[in-house]
Amino acid sequence: MIITGDDSEYIAFVKARLRDQFLMTDLGPLRYFLGIEISSTSNGFYISQENYIQDLLVRAALGDERTVETPMELNVKLQLTDGDPLPDPTRYRHLVGSLVYLAVTRPNISYPVHILSQFVYAPTTVHYSHLLRVLRYLRGTITRRLFFPRSSSLQLQCYSDATWASDPSDRRSLSAYCVFFGGSLIAWKTKKQTAVFRSSFAWKTRLSCVL
């Protein structure tokens, strides 16, 4: 259980009442929860999954120490028929599932993970090679974290983007967005659109408002 708030006295009151009703242990300030690491400074909070990435790299058993600058090559369009089917897709599915959870603190892998997750039922050698690229990218950027400043403007900024017919298998487009509250990234998502558009219109917008 995580208890948060800006009133330390009331937090202490809530914990005391909980101890009266349940057998519980106070673990102190939040530092680790479900694989997510939290560190506090005078300027704000950092969240990361560095230990989770290290465990993931061990489970992936990469045979080299190479790193890459980007999680996916530019203009790559994967298809179901690329490469040869994997004899055992279990490892691919396991690693992609782990990457989906890792995207909780690593929005920069949201797009490639979305792409790779479309092939979990019949992955091929080509899909697996692109999965290994994401892991090599994480190895080289393992210390990157999300920062949430203690003081920031009350401005909500939303960014969105979309492709046009980027999926060669069904001609559907991908849309993505991210939302900042002041200097804090609070929401992001990549999703395949449900409709097929015949127009070549690709859009990009920037919305901002002051609360």
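Predicted model: local features only at pLDDT ≥ 70, side-chain atom pairs only at ≥ 80, totals over all residues.

User: OK, what's the phi of Leu34?

Analyst: Leu34 has a positive phi of about 50°, although it is not a glycine. Most residues other than glycine have a negative phi. Ala61 is another non-glycine residue with a positive phi, about 55°, and Ala61 lies in the loop between helix 2 and helix 3.

User: And is Leu34 buried or exposed?

Analyst: Exposed, because its relative accessible area is 60%. The cut-offs are under 20% for buried, over 50% for exposed and partly exposed in between, with a 1.4 Å probe and protein chains only.

User: Which nonpolar patch does Leu34 belong to?

Analyst: Leu34 forms a surface patch with Ile2, Leu30 and Phe33, and together they have about 360 Å² of accessible area. Patch members have over 30% relative accessible area and no salt bridge; nonpolar side chains (Val, Leu, Ile, Met, Phe, Trp, Tyr) are joined within 5 Å, and like charges within 9 Å. The areas come from the Shrake-Rupley method with a 1.4 Å probe, and for residues only the protein chains shown count as cover.

User: Zooming out, how many helices and strands does the chain have?

Analyst: 5 helices and 8 strands. Along the sequence the pattern reads α-β-β-β-α-α-α-α-β-β-β-β-β. Of the 211 residues, 34% are buried.

User: Which residues touch the most other members in the largest nonpolar core?

Analyst: That core has 30 residues, and Tyr92, Leu99, Leu102, Ile109, Leu131, Leu135 and Leu138 touch the most other members. Helix 2 (50-60), helix 3 (90-102), helix 4 (110-116) and helix 5 (125-140) are the elements giving two or more residues to this core, and helix 5 gives the most, with 7. For the record, a nonpolar core is a set of buried Ala, Val, Leu, Ile, Met, Phe, Trp, Tyr and Cys residues joined through side-chain atoms within 4.5 Å.

User: What does Leu135 touch?

Analyst: Leaving out residues up to four places away in sequence, Leu135 touches Leu56, Leu57, Ala60, Leu62, Leu95 and Leu99. Apart from that core lies another one of 5 residues, including Ile36, Ile47, Leu146 and Leu185.

User: Switching to charges: how many salt bridges are there?

Analyst: The count comes to 5, taking a salt bridge as a side-chain nitrogen of Lys or Arg within 4 Å of a carboxyl oxygen of Asp or Glu. One of them pairs Arg136 with Asp64, at 2.8 Å from N to O. Arg136 lies in helix 5 and Asp64 in the loop between helix 2 and helix 3, so the pair ties together parts 72 residues apart in sequence.

User: Which residues are in the network around Asp64?

Analyst: Asp64, Arg66, Arg136 and Arg139 are linked in a network of salt bridges. The closest N and O atoms of Arg139 and Asp64 are 3.7 Å apart. Arg139 is buried at 17% relative accessible area, Arg136 is buried at 12%, and Asp64 is partly exposed at 22%.

User: Last one: how many disulfides does a search of the whole structure find?

Analyst: 0, with the cut-off for a pair of cysteine sulfur atoms set at within 2.5 Å. The cysteine sulfur closest to that of Cys178 is in Cys158, 8.5 Å away, so it is too far for a bond.

Conventions: Residues numbered from 1 in each chain as written. Heavy atoms only, no water. Helix = DSSP H or I, 4+ residues; strand = E, 2+ residues; numbered from the N terminus. Contact = heavy atoms within 4.5 Å.
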